[in-house]
Amino acid sequence: MYGSPLSAKAKKMMLLGSGELGKEVILEAQRLGVETIAVDRYENAPAMQVAHRSYVIDMLDASALRSVIEQEKPDLIVPEIEAIATEELVKLEQEGFRVIPTANASRLTMDREGIRRLAAEELGLRTARYAFADTLDELTQAVGEIGTPCVIKPIMSSSGKGQSVCRSSADIEGCWNFAQEGGRAKKARVIVESFVTFESEITLLTVRSVSGTTFCAPIGHVQKDGDYIESWQPHQMNVSQIEEAEHIAKTITDALGGYGLFGVELFLAEDGVYFSEVSPRPHDTGMVTMISQDLSEFALHVRAILGLPVPAVRLVTPGASHTLKADRNSTQFEIAGVEEALASPDVQVRVFGKPETKPGRRMAVALAAAEHTDKARELASEAAGRLQIRYSPES
Ligand SMILES: Nc1ncnc2c1ncn2[C@@H]1O[C@H](COP(=O)(O)OP(=O)(O)OP(=O)(O)O)[C@@H](O)[C@H]1O
Ligand SMILES: NCC(=O)N[C@@H]1O[C@H](COP(=O)([O-])[O-])[C@@H](O)[C@H]1O
Ligand SMILES: [Mg+2]
């Protein structure tokens with residue numbers, strides 16, 4: 001029970017992070033009559049454009065974060081990215097604020113070390129071998145232990161930023177420098193992971209709600225330079241892979257606790273299923289659910305965190321998503337080709353409305369439905385190919 005948005009009894013949801021995923025979360029929350037507040041590090045972020053109010057702060061700054069939360073007193077604090085002053089969220093939770101799914105989940109998943117140690121050392125899940133390093137010397141030693149090829153990533157980053165594959169000792173310094181430039185936080189620490197030669201990789205969207213734990217159909221995806229290019233649902237898996245994947249997803253999400261949707265990233269390899277990482281929030285590869293499921297991952301997240309039932313999740317059709325990425329820095333650009341993309345039946349487009357392009361920045365996504373995922377992938381890829389970012393000459 002709650003009042004209308006902007007009234008005294010409104011249910012207030014504050015999103016920490018206001019990208020394309022948050023935009024959809026806010027739209028779903030508004031459909032249920034929730035008052036929404038978007039926060040991010042820059043103005044006119046996608047979710048800000050649809051929220052009731054917004055704030056621009058450095059979310060890694062604990063006092064700035066506390067002050068906006070104390071001012072607004074939201075009923076629900078919903079982290080949308082990893083890079084947040086999560087220690088402060090832990091304190092705020094102790095003071096009675098509700099953090100989704102829990103402050104501890106956002107603290108553990110904010111840095112790769114927290115979640116990796118929980119998964120591998122406490123829960124005994126199969127992961128790539130790993131080591132951590134704070135300096136170039138330590139990295140050289142860590143690569144020696146793990147062996148090449150290996151993957152080097154800043155402990156705090158997402159969408160592949162600062163991530164590279166180290167193929168021989170000659171690459172170590174380059175990987176170190178790349179990680180230092182690409183990380184979201186001013187922390188030098190990196191993780192070194194053995195390279196897993198997987199057959200495919202999936203995201204298993206897992207919902208924890210009053211109705212218990214529910215799994216969505218597995219989502220297959222292709223990543224380039226650590227960032228997702230296309231995804232499809234359902235991904236074909238055999239019975240033992242499904243059992244193993246669901247066991248891993250249940251184990252890690254139970255350990256994190258709370259209500260909400262989680263994106264459990266898994267590698268399907270010859271020797272079994274590997275846990276890679278988990279987002280305690282909707283996942284980029286899960287944007288496909290906007291076309292393939294009756295309730296998208298965003299609708300599911302909102303239902304779960306409001307304490308509403310999730311009696312079932314239905315895959316309505318096989319579907320696929322394909323991203324549109326920018327290749328340069330610009331504020332003077334237009335998105336073209338929406339008409340052409342939408343000329344095919346069973347295709348939809350989401351244009352995020354980000355105010356600036358950057359090399360590799362995701363700006364829009366094409367979605368497609370078809371009788372088979374192969375066909376859906378083809379349609380989504382074709383549609384994304386028709387979308388274009390037209391930069392003005394002066395940019
Ligand atoms: N140890 C590994 N072995 C093989 N491939 C890997 C490994 N680690 C990462 N990758 C590849 O890089 C991709 C991105 O890695 P990861 O998910 O750790 O980065 P991220 O920056 O957290 O990305 P996102 O925020 O999009 O989830 C993986 O989906 C996978 O394709
Ligand atoms: N893999 C995590 C992910 O996709 N997160 C999504 O990207 C936004 C940041 O985009 P930006 O870097 O373009 O601002 C985040 O706010 C979130 O919506
Ligand atoms: Mg990932």
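Predicted model: local features only at pLDDT ≥ 70, side-chain atom pairs only at ≥ 80, totals over all residues.
**View 1. Strands E9 and E10 form a hairpin with 2 residues between them.** One pair to pick out is Ser-209, whose bridge partner in E10 is Gly-212.

**View 2. Strand E9 also pairs with E13 and E11.** Between E9 and strand E13 (residues 260–269) there are 9 bridges, and the two run antiparallel. Look for Thr-203 here, which stands opposite Glu-265 in E13. Strand E11 (residues 219–224) is antiparallel to E9 as well, joined to E9 by 3 bridges. In that pairing, Glu-201 has His-221 as its bridge partner.

**View 3. Glu-265 sits in strand E13.** Is Glu-265 buried or exposed? Glu-265 has 20 C-beta neighbours inside 10 Å, and the cut-off for buried is 20 or more, so Glu-265 counts as buried. Setting aside neighbours within four places in sequence, Glu-265 is in contact with Glu-201, Thr-203, Ser-276, Glu-277 and Val-278. Thr-203 in that list is also the residue that stands opposite Glu-265. Glu-265 comes up in the UniProt record too, where an unreviewed entry gives the annotation "binding site" to Glu-265 and Glu-277.

**View 4. Glu-277, the other residue under that annotation, lies in strand E14 (residues 272–279).** With 18 other C-beta atoms within 10 Å, Glu-277 is partly exposed. Which residues does Glu-277 contact, leaving aside neighbours within four places in sequence? They are Arg-112, Ile-115 and Glu-265. That puts the two annotated glutamates in contact with each other.

**View 5. Zooming back out, the protein chain holds 12 helices and 19 strands.** Its radius of gyration is 20 Å, close to the 21 Å that the globule rule gives for 395 residues, so the chain is as compact as a globular protein of that length. The C-alpha trace spans about 60 × 55 × 50 Å along its principal axes. Of the 395 residues, 48% count as buried.

How values were computed: Residues numbered from 1 in each chain as written. Chains lettered and ligands numbered in written order. Pairing = 2+ DSSP bridges. Helix = DSSP H or I, 4+ residues; strand = E, 2+ residues; numbered from the N terminus. Rg over C-alpha atoms; globule rule 2.2 N^0.38 Å. Buried ≥ 20, exposed ≤ 12 C-beta atoms within 10 Å, placed from the backbone. UniProt positions renumbered as here; feature names shortened; annotations may be inferred. Contact = placed C-beta atoms within 7 Å.
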